[in-house]
Amino acid sequence: MRRKKITENTVPSLLHTEPVRSAMLRNLRYELARDLTTASRHDWWFALSKTTQERIIERMIATQSAHAKQQARRVYYLSLEFLMGRLLGNNLLNIGIYDEAVRALEDVGHQLREIRDEEYDMALGNGGLGRLAACFLDSLATLDLPAIGYGINYEFGLFRQEFKNGYQVERPDEWMQFGDVWEIVRSENRQEIQLFGRVENVFDEKGNYRARWVDTRAIIGVPHDTPICGYDGSSVNFLRLWRSHAKEELDFEAFNAGGYVEALQNKNLGEVISKVLYPNDSTENGKELRLVQQYFFVACSLRDILRRFHREHGSRIELLPEKIVIQLNDTHPAVAVAELMRLLLDEYDLPWARAWEMVTGIFAYTNHTLMPEALERWSVPLFGKVLPRHLQIIFEINSRFLKEVEAKWPGDNDRKRELSLIEEGPVQMLRMAHLAVVGSFSVNGVAELHTRLLKEKLFKSFHEFYPGKINNVTNGVTPRRWLLSINEPLSNFITGKIGDEWITDLGKLRELEKLADAPEVLRQILDIKLVNKAHLAKIIGRDCGVTVNPEAIFDVQIKRLHEYKRQHLNLLYILTLYRRLLQNPDYPMNPRVFIFGAKAAPGYLVAKCIIKAINSVAAVINADQRINGKLKVVFMPNYRVSLASQIIPAADVSEQISTAGKEASGTGNMKLGLNGAITIGTLDGANVEILEEVGADNIFIFGLKVEEVEALRARGYQPYDYYHGNAELRAVVDWLGSRHFIPHDAHDVLAPLMYSLLDGGDPFMVLADYAAYCRAQDELDQVYGDRLRWARMSLLNTARLGKFSSDRSITDYARQIWQLAAVAVP
């Protein structure tokens with residue numbers, strides 16, 4: 001692969017800068033009707049983005065032409081989330097004009113850092129699932145692999161988070177209020193899909209008895225494409241996102257009769273599908289909308305995939321498994337298995353056996369959770385209402401599959417109940433993960449521990465039935481976004497020491513190990529971290545109104561808010577430190593700032609209660625003059641990719657403290673470690689592999705292992721045993737449950753959290769791991785006091801995490817699962 005040296009501190013020549021400057025001024029004038037005197041910073045962002053996009057589109061046209069000319073096999077990546085964040089900085093780096101853009105903006109009196117901040121985050125995801133998908137798109141393009149991502153073009157994303165009196169408040173995330181400069185609307189490739197209706201059995205023109213889906217409601221999906229530029233601009237793939245519309249948006253008869261609201265009813269019903277990511281599913285209407293969303297994007301995508309296939313390969317449908325592979329990113333797109341079967345049976349008139357052979361040769365499934373309750377399940381009545389024909393197909397798939405199970409394990413009804421796609425009960429439920437497993441040729445976990453637990457626990461009988469189907473591809477993150485782009489001081493340091501090949505070969509970072517015992521180098525590492533911390537401290541002061549000391553330990557926990565991720569364990573240690581300081585003002589500890597960033601699902605009451613608890617404790621601690629600023633707590637609102645990009649380079653400590661056996665992998669641990677943060681964590685998810693890579697001396701591991709968690713639960717875990725057995729724990733739990741931190745709120749505000757910890761059985765064993773967590777934190781504090789030792793640990797974390805590049809992950813997928821070859825683009 002061609003590599004071009006791109007660093008952010010290189011002074012570009014005027015020869016290369018002038019074309020960028022001229023194009024920027026042209027876009028300013030002819031796209032916005034602005035000039036040098038009237039342009040705002042947002043106008044300059046738009047003009048530079050358009051200039052960048054023009055260069056990317058040239059490569060995109062060449063890339064897609066090469067793929068079509070070579071009739072390349074493609075991977076289609078189906079994901080309900082793509083957490084892209086801001087694109088300008090990454091696109092400038094990847095297309096190779098970052099330095100030219102810096103100079104061009106300076107020529108007109110602006111700084112690129114300021115202009116980049118004008119961009120809104122693309123609100124197309126929530127957490128690690130969506131960010132992983134975004135990293136994978138970057139790596140697919142960088143590795144010249146033919147690929148297209150498919151998802152939904154959410155108008156308002158998840159939500160914009162605000163805090164009022166410590167409570168999370170959800171607001172619409174109007175990220176598209178100024179349009180999307182990167183998108184290309186492909187109205188000519190719109191797709192029409194059907195919903196609801198009923199199934200009738202008829203004889204076709206050949207005299208065959210068959211099912212027909214009738215009396216349906218049509219929805220239009222319009223594709224919006226975002227080019228995905230690989231590093232050095234060699235290949236440009238694209239992300240295709242569907243926006244929903246009604247087939248007939250205006251009831252003209254109702255409008256003429258004066259029913260103006262009624263006239264737009266179809267329009268509103270059609271557009272609601274792509275309004276919001278993860279609508280609250282605590283109501284039946286919410287559940288229905290989620291199912292409709294999933295089917296909408298899957299059905300549009302499959303029709304589009306088939307359209308492209310026929311354009312390149314004509315009517316040779318038998319080539320389908322040879323030319324396409326579809327990766328299901330978690331269970332959200334699992335209905336694609338039933339939809340492709342429906343298309344092949346009902347529209348292509350293929351016999352069942354041939355259609356099923358093709359389907360199971362096309363789909364691969366990535367599992368992202370070990371918690372059975374988190375796997376997608378739909379009630380049969382709801383599914384039958386929305387997708388009656390698909391329900392028939394899934395029951396038939398299940399019937400044929402259970403005959404195979406009976407043949408392998410005669411008379412074993414327990415196995416059949418376990419493996420069935422239908423969960424029996426008062427209301428039958430469809431198990432979408434089971435459908436994905438049965439309908440795919442590959443099922444992969446996302447970390448070695450996760451995959452082992454899939455085989456031994458969650459999908460044990462599937463593993464025995466399909467030996468070899470379940471495999472592992474450990475997650476990774478793109479170094480272009482998560483080091484080169486977000487951490488300019490550290491990136492420049494690395495490139496200055498070992499060259500720039502690490503940008504596309506992260507394993508090259510191992511060359512930094514030879515510098516780990518050089519005091520002058522270690523002092524450079526400390527200086528770099530301090531610069532990043534000072535920058536974050538200014539943002540915290542601006543956004544949170546809290547003054548923090550950049551010399552303090554920046555202890556960071558940034559991830560989706562969920563009980564198994566145990567932000568409340570972190571909170572208990574914060575209370576422990578606070579209590580120690582109050583009882584002993586000279587308590588020996590390094591000043592510390594605990595930094596949180598997380599959103600809780602709108603209907604997840606315990607998670608929202610944890611946010612309220614952290615904010616309430618933070619308000620008291622931050623205002624307490626008695627502790628002399630030794631302890632600060634900050635919950636940064638509206639956590640998103642651009643905010644993570646500011647926090648991660650500044651982190652000293654990376655909190656990865658989930659209950660062992662609950663986190664599939666995690667990618668925040670990789671991003672933080674790559675930027676020199678030291679992990680404190682359990683042996684869960686990818687933490688296990690991080691420990692193997694960095695060594696036990698460069699990480700703080702604590703708590704119960706998976707087997708110990710299971711053994712304790714089997715014996716009958718009693719949180720009160722830990723509560724009564726540890727005086728310090730009992731004191732902070734009681735303190736949290738008192739009115740001390742919520743003097744002006746209702747007395748039961750924190751009741752859901754307190755119930756979860758004690759009478760609710762502490763399902764994620766927070767109290768069981770408390771003592772070990774405190775010991776690990778106390779050890780961490782002592783080690784931090786030896787500044788050169790800490791710097792050495794930080795440098796070695798950066799040096800040894802090359803395994804966790806998404807380039808390596810995608811290479812594994814391409815070789816082990818997709819059988820996908822790179823295509824050189826002229």
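**Two helices and onward**

Guide: Let's start with a helix pair: the axes of helix α12 (residues 335-347) and helix α15 (residues 388-408) come within 9 Å of each other and cross at roughly 95 degrees. Axes here are lines fitted to C-alpha atoms, for helices over the stretch in contact, with angles running from 0 to 180 degrees between N-to-C directions. Before we go on, this is a predicted model, where local features need pLDDT of at least 70, side-chain atom pairs count only at pLDDT 80 or more, and totals for chains, interfaces and linings use all residues. Residues are numbered from 1 along each chain as its sequence is written, and side-chain values use heavy atoms, with hydrogens and water left out.

Visitor: Okay, so what do you call the arrangement of α12 and α15?
Guide: Roughly perpendicular. That word covers 65 to 115 degrees; under 35 is roughly parallel, over 145 roughly antiparallel, and the rest oblique.

Visitor: Which residues of α12 and α15 meet?
Guide: From α12 you have Ala338, Glu339, Met341, Arg342, Leu345 and Asp346, and they meet Arg389, His390, Ile393 and Ile394 of α15. The contact of α12 with α15 divides into five nonpolar residues, one polar and four charged. Contact means heavy atoms within 4.5 Å. For the classes, Ala, Val, Leu, Ile, Met, Phe, Trp, Tyr, Cys and Pro count as nonpolar, Asp, Glu, Lys and Arg as charged, and the others, Gly among them, as polar.

Visitor: How do you decide what's a helix or a strand?
Guide: They're DSSP runs, numbered from the N terminus: helices are H or I with at least four residues, strands are E with at least two.

Visitor: Switching to strands, in what order do β13, β14 and β15 sit in their sheet?
Guide: The order is β13-β15-β14, an open sheet with antiparallel pairing. β13 (377-379) and β14 (422-423) each have a single partner strand, so one side of each is left without a neighbour in the sheet. Two strands pair if DSSP finds at least two bridges between them.

Visitor: How many bridges join β13 to β15?
Guide: Three, and β15 covers residues 429-431.

Visitor: New topic: how many salt bridges are in the whole structure?
Guide: A search finds 63. A salt bridge is a side-chain nitrogen of Lys or Arg within 4 Å of a carboxyl oxygen of Asp or Glu.

Visitor: Which residue forms one with Asp138?
Guide: Arg480, with the closest N and O atoms 2.6 Å apart. That pair links distant parts of the chain, 342 residues apart: Asp138 sits in helix α6 and Arg480 in helix α20 (residues 479-485).

Visitor: Is Asp138 buried or exposed?
Guide: Buried, at 7% relative accessible area. Arg480 is buried too, at 0%.

Visitor: And which residue does Arg792 bridge to?
Guide: Asp517, at 2.8 Å from N to O. Arg792 is partly exposed at 31%, while Asp517 is exposed at 62%.

Visitor: Which residues are linked in a network of salt bridges?
Guide: Arg186, Asp225, Arg240, Asp304, Arg307 and Arg308.

Visitor: What's the phi of Ala33 like?
Guide: It's positive, near 60 degrees, in a residue other than glycine. Ala33 lies in the loop between α1 (14-32) and α2 (41-69), and it's exposed at 65%.

Methods. Buried means under 20% relative accessible area, exposed over 50%, partly exposed in between (1.4 Å probe, protein chains only).
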